[in-house]
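Subject: Model and notes

Hello,

Here is the structure for your files. My notes follow below it.

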Amino acid sequence: MHDLARALADQLHPGAAPRDVTVSFGARRQAAVEYRSRGRGGPVTVYAQALHAALYGLPTPDESLPTALDALLQATHTATAPEQKTAVLRQVAEQLRNAAEIIQRYQYRAQWDRFPTDVAEQLATAHDQARQIAQALDRVAPAFSHQPTTPRARAAHGQSATTLVTSPPSPAPRHR
């Protein structure tokens with residue numbers, strides 16, 4: 001699988017790291033109409049894994065999203081389907097929970113090693129904030145599975161119930 005990812009990355013630039021390369025698939029103009037409106041893309045490592053599994057009859061893993069945050073950033077740029085966007089947010093939330101656990105271990109270590117009190121306190125604050133962000137992402141991720149259909153619904157979706165929605169002032173009409 002790594003050889004496939006390397007070969008695909010080499011198509012962009014010889015020696016390019018597969019983690020730094022994304023692929024994008026689309027249909028040519030002569031293709032049937034049902035293919036032209038669709039496109040797909042993502043990290044080259046994910047496509048290499050799927051291609052490897054298809055070529056050799058291997059099962060494809062259920063979790064096709066990368067776990068490294070830099071690779072998730074790439075997936076954010078290439079996620080087109082609503083389900084992909086939701087999956088990316090859920091994976092980011094999971095990585096934040098992992099980060100919170102790492103931070104907590106360092107907090108305990110700072111206390112054990114008798115670092116200045118503010119070090120452990122700041123780590124405790126960072127731990128709590130990481131967990132809160134992960135929980136917020138868990139709550140909002142399902143919204144990306146169902147795209148709003150109208151611009152007004154999209155704008156209202158991002159506003160809280162107490163926020164007044166105002167439109168920008170219209171420019172004065174120009175007469176010639």
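A residue counts as buried under 20% relative accessible area, as exposed over 50%, and as partly exposed in between. By that rule A68, at 36% relative accessibility, is partly exposed. A68 sits in the loop that links α3 (44-56) to α4 (69-78). Its C-alpha atom is 9.6 Å from that of Q91, a residue 23 positions away along the chain.

Please keep in mind that this is a predicted model.

Overall make-up

The protein has seven helices and two strands. Along the sequence they follow the pattern α-β-α-β-α-α-α-α-α. Of the 176 residues, 23% count as buried. Among contacts with a separation of 6 or more, 50% are between residues 24 or more positions apart.

Confidence

The mean pLDDT of the protein is 75, and 73% of the residues reach 70 or more. Where pLDDT is low, predicted coordinates should not be read in detail.

Helix packing

Two packed helices are described by the angle between their axes and the distance between the axes.

Helix α1 (residues 2-12) packs with α3 at an angle of about 130°, and their axes are 8 Å apart. The two are therefore oblique to each other. Their crossing is right-handed. On the α1 side the contact is made by L4, A5, L8 and A9, and on the α3 side by V44, T45, A48, L51 and H52. Sorted by class, the contact of α1 with α3 has seven nonpolar residues, two polar ones and no charged ones.

For α4 and α5 (82-112), the angle is about 160° and the axes are 10 Å apart. α4 and α5 are therefore roughly antiparallel to each other, and their crossing is left-handed. L69, L72, A75, T76 and T78 of α4 meet Q84, V88, Q91, V92 and Q95 of α5. The residues of this contact divide into five nonpolar, five polar and no charged. Q91, mentioned above for its C-alpha distance to A68, is one of the α5 residues in this contact.

α5 also packs with α6, at an angle of about 165° and with the axes 8 Å apart. The angle makes α5 and α6 roughly antiparallel to each other. α5 passes α6 in a left-handed crossing. From α5 the contact includes L89, V92, A93, L96 and R97, as well as Y106. From α6 it includes V119, A120, L123 and A124, along with R131 and D138. By class, the contact of α5 with α6 has 17 nonpolar, four polar and three charged residues. V92 of α5 takes part in the contact with α4 and also in the contact with α6.

Individual residues

V119 and Y106 are 13 residues apart in sequence, and their C-alpha atoms are 9.6 Å apart in space. Both belong to the contact between α5 and α6.

R114 is in the loop between α5 and α6. Most residues other than glycine have a negative phi. R114 is not a glycine, yet has a positive phi of about 60°. With a relative accessible area of 77%, R114 is exposed.

G41 is in strand β2 (residues 39-43). At 10% relative accessibility, G41 counts as buried. Which residues does G41 touch, not counting those up to four places away in sequence? They are V23, S24, Y47 and T78. Of these, T78 is also one of the α4 residues in the contact with α5. G41 and A79 are 38 residues apart in sequence, with 7.0 Å between their C-alpha atoms.

Regards

Technical notes: Residues are numbered from 1 along each chain as its sequence is written. This is a predicted model: local features need pLDDT of at least 70, side-chain atom pairs count only at pLDDT 80 or more; totals for chains, interfaces and linings use all residues. Side-chain values use heavy atoms; hydrogens and water are left out. Helices (H or I, at least four residues) and strands (E, at least two) are DSSP runs, numbered from the N terminus. Buried means under 20% relative accessible area, exposed over 50%, partly exposed in between (1.4 Å probe, protein chains only). Axes are lines fitted to C-alpha atoms, for helices over the stretch in contact, and angles run from 0 to 180 degrees between N-to-C directions. Angles under 35 degrees count as roughly parallel, over 145 as roughly antiparallel, 65 to 115 as roughly perpendicular and the rest as oblique. A crossing is left-handed if the near helix is turned anticlockwise from the far one by less than a right angle, and right-handed if clockwise. Contact means heavy atoms within 4.5 Å. Ala, Val, Leu, Ile, Met, Phe, Trp, Tyr, Cys and Pro count as nonpolar, Asp, Glu, Lys and Arg as charged, and the others, Gly among them, as polar. pLDDT is the predictor's confidence in each residue, from 0 to 100.
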